[in-house]
Amino acid sequence: MARYRIRVGRQIGSAALVADGLHARTDGFTSLAVLLGAGGVAIGWRWADPLVGLVITVAILSVLRSAVTQVGARLMDAVDPALVDQATKALVTVEGVKEVRELRIRWIGHRLRAEADITADPSLTITQSHELAHLAEDRLLAAVRRLNAANVHVSPVGAHAQSDSIV
């Protein structure tokens, strides 16, 4: 059951289910260690019980550290940097995209959502920029697993550089 929970948790992007699977696996190993410790004590190895207690403590602390790291990162909307690189590469392959100025990807439940600011040729019409945004959105959705929504903003090249100087 533990392996199943871990596998399904990774497939659907559920850090909580992965943590639950790790917990279940640790419970199984802990039970086995207790049996080994009891068997060791039964044959006269007095050190078996405290040794098993230390091993179990280390196992529990290891699982706790892993679970807190995974769930804590998810709570902070952390995503793998390789995923951001993958999304950026997908956006720059869209014809008409000059640069990806900003890209944010975050978890919402078991799904990802992206917000991107891309630049394009300033001579594009509003309709062309709108179409470019939809093309970029479609490319993102196709390229990034578990991404189910993307909001793409198109800015003309140099737009923010000009507005920054007007203060």
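This is a predicted model: local features need pLDDT of at least 70, side-chain atom pairs count only at pLDDT 80 or more; totals for chains, interfaces and linings use all residues.
**Entry 1: the start of the chain**

I began with helix H1, which covers residues 2-12. I looked up which of its residues are buried, and found Ala 2, Ile 6, Val 8 and Gly 9. I then asked what these buried residues pack against, and the partner is H2. After H1 comes Gly 13, and I noted that its phi is positive, near 75 degrees.

**Entry 2: a patch on the surface**

Next I looked at the nonpolar side chains on the surface. Ile 43, Trp 45, Trp 47, Leu 51 and Val 55 form a nonpolar patch there. Together they have about 550 Å² of accessible area. Trp 47 sits in the loop that joins helix H2 (15-42) and helix H3 (48-75). Is Trp 47 buried or exposed? Its relative accessible area is 52%, and the cut-off for exposed is over 50%, so I wrote it down as exposed.

**Entry 3: the sheet**

I moved on to the strands. There is an open sheet of 3 strands, in the order E1-E2-E3, and its pairing is mixed. Strand E1 (99-108) and strand E3 (147-156) are the edge strands, each pairing on one side only. The twist from one strand to the next averages 15 degrees. Helix H4 (residues 81-92) packs on this sheet and touches E1 and E2. The direction of H4 makes about 135 degrees with that of E1.

**Entry 4: the two pairings**

I reminded myself of the background before going on: strands of a sheet pair through backbone hydrogen bonds, either parallel or antiparallel. I then took the pairs in turn.

E1 and E2 run antiparallel and are joined by 9 bridges. For Glu 102, I found that the bridge partner in E2 is Asp 117. Trp 107 stands opposite Leu 112 in E2. The two strands E1 and E2 form a hairpin with 2 residues between them. In the turn, Gly 109 has a positive phi of about 65 degrees.

E2 (residues 111-120) pairs with E3 in the parallel sense, over 9 bridges. Here Arg 113 has Ala 149 in E3 as its bridge partner. Leu 112 turned up again, standing opposite Leu 147 in E3.

How many of the residues of E2 are buried? I found 7 of 10, and E2 is mostly covered.

**Entry 5: a loop residue with a positive phi**

Last, I looked up Arg 146. Arg 146 is in the loop between helix H5 (126-143) and E3. Its phi is positive, about 70 degrees, although Arg 146 is not a glycine.

Conventions: Residues are numbered from 1 along each chain as its sequence is written. Side-chain values use heavy atoms; hydrogens and water are left out. Two strands pair if DSSP finds at least two bridges between them. Helices (H or I, at least four residues) and strands (E, at least two) are DSSP runs, numbered from the N terminus. Axes are lines fitted to C-alpha atoms, for helices over the stretch in contact, and angles run from 0 to 180 degrees between N-to-C directions. Contact means heavy atoms within 4.5 Å. Patches are made of residues with over 30% relative accessible area and no salt bridge: like charges are joined within 9 Å, nonpolar side chains (Val, Leu, Ile, Met, Phe, Trp, Tyr) within 5 Å. Accessible areas come from the Shrake-Rupley method with a 1.4 Å probe; for residues, only the protein chains shown count as cover. A salt bridge is a side-chain nitrogen of Lys or Arg within 4 Å of a carboxyl oxygen of Asp or Glu. Buried means under 20% relative accessible area, exposed over 50%, partly exposed in between (1.4 Å probe, protein chains only).
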